[in-house]
Amino acid sequence: MKKTSLAVALAATLALPATATELEVTHWWTSGGEAAAVAEFAKAFNAGGDTWVDGAIAGSGGTARPIIISRILGGQPMGATQLNHGRQAEELIEAGLMLDITDLAEAEGWRDFVNPSSLLDSCTLDGRIYCVPVNIHSAQWMWLNNAAFEKVGLPVPTNWDEFVAAGPALEAAGIVPLAMGQQSWQTQLAFGALAIALLDYDTWAAVNTEKNAEVAAGAEYRRVFEAFDDARRLAVGSNVQDWNQATNMVITGTAAAQIHGDWAQGEFQVAGQVAGEDYTCLPGLGFNDVLDTGGDAFYFPVNDDPEITAAQLRLASLLISKDVQVAFNLKKGSLPVRGDIDLSAANACMQKGLEILASGNILPGGAQNFSEDTNTQLNDLMTAFWNDLSITVDQVQADYAAIIASAD
Ligand code: GAL
């Protein structure tokens, strides 16, 4: 072998980690768009010489999180796991079960480029950093099938009220106006999106940040419950379970619209549909151009094998790196966590999201406002109201205010 090619081979070997390490990575990204996105993470980790052992858990976060948490508590931890950044890992961190990655974050200057910096705050407990944020997902979007409205001779709605007004014409044409998966977190997400879209910030914050039950029971919030009542009646024909099945109803024109997070974009992209041509996106449901900065992060359960720990840190560094952030977020339909990368390839809807992000008109996401226990109570309440049309607006609002009164 010539000297030069030997030197090149040696250099390439040295670039690989000292010991190629397998990491089992758990997540709940199993839809078409989600799988395409997480494959970008796996590809990058494997290209670095380590091995990504995929631990996809089918179902929503509500299904996956208890499995993930019980494995860590039960002493059978994975190498890394997705969770929503915010308070979901709080108890695991307090129990000393999650790797402190502050030194890596400081060495790489994450605080200088993570945007908004609140994302890093959502990974921080008592001044120490325990997760690497990987995207910004916001729930306050509405996705509309342009052809469905053309079919009934109506312009594509520019806001929630115009959509509600189009309901009867859509139903008469055999089109389900609103697609909704039947899992409770989806109806709770729709309620949250309507609240952010229809309320001013102070009213929203009084309930979601200050837990003010009086405001929750007040006239402004009644408008949200009345809109939520419209939504449940417009979704009567939507009998699917998973969020991406509901998205597919919109993609195929079986339904006209869906209130859902921007991860729905991944499904439109996998289906080859073009933002602005085949479908329309309405951030803030066409009223409030505001987005919540919910999203995903990766956490690393502690273990006593230094090679695993070294591989965990390599993965953390990779997930927030520029190239991987672009490759992943373009596929995921989410926004990047860095303010210093070129996303010119982003489609029209992602560009809308980036403009809102740049405007600073952002709010914390649900996982960052309420504890898991409170979120579960809210999910259950919204599902009960959604599925039982005999429950009145007065009743559900009173029950909601009671939960807020004891929220933590
Ligand atoms: C969210 C997560 C998103 C998306 C969604 C549906 O919690 O942040 O990445 O995948 O679940 O699975």
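**Ligand shell and aromatic pairs**

Phe 225 and Tyr 400 are both buried. The model is predicted.

Visitor: How many degrees lie between the planes of Phe 225 and Tyr 400, which form an aromatic pair?
Guide: The count of aromatic pairs comes to 20. In the pair of Phe 225 and Tyr 400, the rings are 5.3 Å apart, centre to centre. Planes over 60 degrees apart count as edge-to-face, and this pair is edge-to-face at 70 degrees.

Visitor: Which helix holds Tyr 400?
Guide: The pair links distant parts of the chain, 175 residues apart. Phe 225 is in helix H13 (residues 219-234), and Tyr 400 is in helix H21 (residues 393-405).

Visitor: Is Trp 263 buried or exposed?
Guide: Trp 263 is among the residues that surround the ligand, as is Trp 185. Trp 185 has a relative accessible area of 21% and is therefore partly exposed. Buried means under 20%, so Trp 263, with a relative accessible area of 14%, is buried.

Visitor: What is the distance from a polar side-chain atom of Asp 296 to an oxygen atom of the ligand?
Guide: An N or O atom in the side chain of Trp 28 is 3.1 Å from an oxygen atom of the ligand. For a polar side-chain atom of Trp 243, the distance to a ligand oxygen is 3.4 Å. For Asp 296, the distance is 2.6 Å.

Visitor: How many charged residues does the shell around the ligand have?
Guide: Domain 1 (3-135 + 294-347) and domain 2 (141-292 + 370-405) each supply at least three residues of the shell. By class, five shell residues are nonpolar and two are polar, while the charged residues number three.

How values were computed: Residues are numbered from 1 along each chain as its sequence is written. This is a predicted model: local features need pLDDT of at least 70, side-chain atom pairs count only at pLDDT 80 or more; totals for chains, interfaces and linings use all residues. Side-chain values use heavy atoms; hydrogens and water are left out. A residue is near a molecule or strand if one of its heavy atoms lies within 4 Å of it. A polar contact is a pair of N or O atoms within 3.5 Å; within protein, one must be able to donate a hydrogen and the other to accept it, and residues adjacent in sequence count only if both atoms are side-chain atoms. Ala, Val, Leu, Ile, Met, Phe, Trp, Tyr, Cys and Pro count as nonpolar, Asp, Glu, Lys and Arg as charged, and the others, Gly among them, as polar. Domain bounds come from an automatic or database domain assignment. Rings of Phe, Tyr and Trp (its six-membered ring) pair if their centres lie within 6.5 Å; planes under 30 degrees apart count as stacked, over 60 as edge-to-face and the rest as tilted. Buried means under 20% relative accessible area, exposed over 50%, partly exposed in between (1.4 Å probe, protein chains only). Helices (H or I, at least four residues) and strands (E, at least two) are DSSP runs, numbered from the N terminus.
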